[in-house]
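Subject: Structure handover

Hello,

Here is the structure I promised to pass on. Please open it first, then read the notes below it.

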Amino acid sequence: MENEQKLPDPEQMSYEQARDELVAIVKKLETGSAPLEETLSMWERGEALAGRCHAILSKAEARMTRTTSTVASSTVDDEPPFEPDEL
């Protein structure tokens with residue numbers, strides 16, 4: 001890819017930044033018009049971005065699981081369940 005040295009490190013990118021760049025790369029790759037060397041560079045960059053997105057989503061999932069487990073374990077058993085008509 002051109003200007004590869006100027007691209008931010010995927011490990012320093014937010015999920016949204018990595019996802020948006022990955023989407024742009026996929027669109028470019030789908031055209032099939034880039035030379036082979038550029039295509040390989042884009043593919044490698046895309047793999048790094050996809051890995052970053054996966055890592056962020058995995059951490060978010062683990063956080064949600066911990067939160068759900070904490071809330072479930074702190075619920076008082078003798079407390080009646082929420083009733084929708086109590087609103």
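Below are the notes on what was found.

First, the ground rules. This is a predicted model, in which local features need pLDDT of at least 70, side-chain atom pairs count only at pLDDT 80 or more, and totals for chains, interfaces and linings use all residues. Residues are numbered from 1 along each chain as its sequence is written, and side-chain values use heavy atoms, with hydrogens and water left out.

Overall picture

The protein chain has 2 helices and 0 strands. Both terms refer to DSSP runs, numbered from the N terminus: helices are H or I with at least four residues, strands are E with at least two. Of the 87 residues in the protein chain, 15% are buried. Buried means under 20% relative accessible area, exposed means over 50%, and partly exposed lies in between (1.4 Å probe, protein chains only). The accessible surface of the protein chain is about 7,100 Å². Carbon and sulfur atoms hold 56% of that surface. These areas come from the Shrake-Rupley method with a 1.4 Å probe; for residues, only the protein chains shown count as cover.

Now contacts, meaning heavy atoms within 4.5 Å. Among those in the protein chain with a separation of 6 or more, 72% join residues 24 or more positions apart.

The core

The largest nonpolar core has 6 residues: Met13, Ala18, Ile25, Met42, Leu49 and Cys53. Helix H1 (15-31) and helix H2 (36-74) each supply at least two residues of this core. H2 gives the most, with 3 residues. A nonpolar core here is a set of buried Ala, Val, Leu, Ile, Met, Phe, Trp, Tyr and Cys residues joined through side-chain atoms within 4.5 Å.

Take Ala18 as a way in. Neighbours within four places in sequence aside, Ala18 is in contact with Met13, Leu49, Arg52 and Cys53.

Salt bridges

How many salt bridges does a search of the whole structure find? There are 2. The term needs a side-chain nitrogen of Lys or Arg within 4 Å of a carboxyl oxygen of Asp or Glu.

One pairs Arg45 with Glu21, at 2.7 Å from N to O. Arg45 lies in helix H2 and Glu21 in helix H1, so this pair ties together parts that are 24 residues apart in sequence. Arg45 is buried at 10% relative accessible area. Glu21 is buried too, at 16%.

The other joins Asp20 and Arg19, with their closest N and O atoms 3.0 Å apart. Asp20 is partly exposed, at 43% relative accessible area. Arg19 is also partly exposed, at 33%.

Best wishes
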